[in-house]
Amino acid sequence: MIDVYSWPTPNGHKVHILLEECGLPYQAHAVDIGAGDQFKPDFLAISPNNKIPAIVDPDGPAGRPISLFESGAILVYLAEKTGQFLPTEPHARHATLQWLMFQMGGVGPMLGQAHHFRLYAPEKIAYGINRYTNEAKRLYGVMDQQVSQHAYIAGDTYTIADIAIFPWLRSAENQGVDWSDYPALKAWFDRIAARPAVQRGVAVLADRRKPITSDTARDILFGQQQYAKR
């Protein structure tokens, strides 16, 4: 049984979805990032960067327990553990890893910033909003072009690259994106959203999530508590 320390965010959803797709038994442990659970010593022992998700697999490589943080690393680990959703053929494997890195280095950070400046920033600064909204649209364009030529993000098979990207696009409106500008990507998104394992994955801990409305939660997520010396 894999222990998953997570919260219903795009990075959390990635891991939930892959676990559901692979059919691996797991137990989800809620790490309420609005309440500061990510700074508790027990969680920091697993995820020293104080970010979700993290996993502990008692049946790791060579039968030894392993703990991992960083959602991309977790996806690669789980895919390799099960032999699913990460091709072994070298060209297809590297294409998948390439698009996974595209999500980790571009889609996640930039769409997250667009979401933040448009919804959560205490001061609505046009420069920040425009910068990250425009970058979100650029990234959507890159993905739209890719899936206009291939069935999936990394080629013709469903992989961890699709699983990594999908949850970030569930908030397109909050990122300032109009789906009608990206018809191929919207068709891809709808196909992924229809997968039963994806639906189960995004439902994990969903009942625990609540709007970020209190000053305390905002400070924990975006303010000085993030930067306090531990």
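This note comments on helix packing, aromatic pairs and selected loop residues in a predicted model.

1. Basis of the values. Residues are numbered from 1 along each chain as its sequence is written, and side-chain values use heavy atoms, with hydrogens and water left out. In this predicted model, local features need pLDDT of at least 70 and side-chain atom pairs count only at pLDDT 80 or more, while totals for chains, interfaces and linings use all residues.

2. Helices α4 and α5. Two packed helices are described by the angle between their axes and the distance between the axes. For helix α4 (residues 90-120) and α5 the angle is about 145°, and the axes are 8 Å apart. Helices (H or I, at least four residues) and strands (E, at least two) are DSSP runs, numbered from the N terminus. Axes are lines fitted to C-alpha atoms, for helices over the stretch in contact, and angles run from 0 to 180 degrees between N-to-C directions. The crossing of α4 with α5 is left-handed, that is, the near helix is turned anticlockwise from the far one by less than a right angle.

3. Residues of that contact. On the α4 side, Trp99, Phe102, Gly106, Val107, Met110, Leu111, Gln113, Ala114, Phe117 and Arg118 take part; α5 contributes Gly128, Ile129, Tyr132, Thr133, Glu135, Ala136, Leu139, Tyr140, Val142, Met143 and Gln146. Contact means heavy atoms within 4.5 Å. By class, the contact of α4 with α5 holds 14 nonpolar, five polar and two charged residues (Ala, Val, Leu, Ile, Met, Phe, Trp, Tyr, Cys and Pro count as nonpolar, Asp, Glu, Lys and Arg as charged, and the others, Gly among them, as polar).

4. Aromatic pairs. Eight aromatic pairs are found in a search of the whole structure. Rings of Phe, Tyr and Trp (its six-membered ring) pair if their centres lie within 6.5 Å; planes under 30 degrees apart count as stacked, over 60 as edge-to-face and the rest as tilted. The pair of Phe117 and Tyr132 is stacked, because the ring centres are 5.4 Å apart and the planes are at 10°. Since Phe117 belongs to helix α4 and Tyr132 to helix α5, the pair ties together parts that are 15 residues apart in sequence. Phe117 is partly exposed, at 21% relative accessibility, whereas Tyr132 is buried, with a relative accessible area of 16%. Buried means under 20% relative accessible area, exposed over 50%, partly exposed in between (1.4 Å probe, protein chains only). One aromatic cluster is formed by Tyr140, Phe166, Trp179, Tyr182 and Phe189.

5. Helix α7. Ala184, Leu185, Trp188, Phe189 and Ile192 are the buried residues of helix α7 (residues 183-193). Viewed down the axis of α7, they fall within an arc of 135°, so they line one face of the helix. The arc is that of the directions from the helix axis to the C-beta atoms. The partners against which the buried residues of α7 pack are α5 (126-149), α6 (160-165) and α8 (196-203).

6. Helix α8. In α8 the residues Ala197, Val198, Gly201 and Val202 are buried. Their arc, seen down the axis of α8, is within 130°, so these residues line one face of the helix. The buried residues of α8 pack against α1 (10-22) and α7.

7. Positive phi values. Leu205 follows α8 and lies in the loop between α8 and α9 (215-222). Its phi is near 65°, a positive value in a residue other than glycine, and Leu205 is buried at 13% relative accessibility. Asn50, in the loop between α2 and β3, also is not a glycine and has a positive phi of about 50°. Asn50 counts as buried, at 13% relative accessibility.

8. The peptide bond from Ile52 to Pro53 is cis, with omega near 0°; Pro53 is placed in the loop between α2 (41-44) and β3 (54-57). Ile52 is also touched by Thr9, along with Ile33 and Arg209, when residues up to four places away in sequence are not counted. Thr9 sits in the loop between β1 (2-6) and α1 and is buried at 13% relative accessibility.

9. Leu119. This residue of helix α4 is partly exposed, at 33% relative accessibility. Leaving aside neighbours within four places in sequence, Leu119 is in contact with Lys124 and Asn174.
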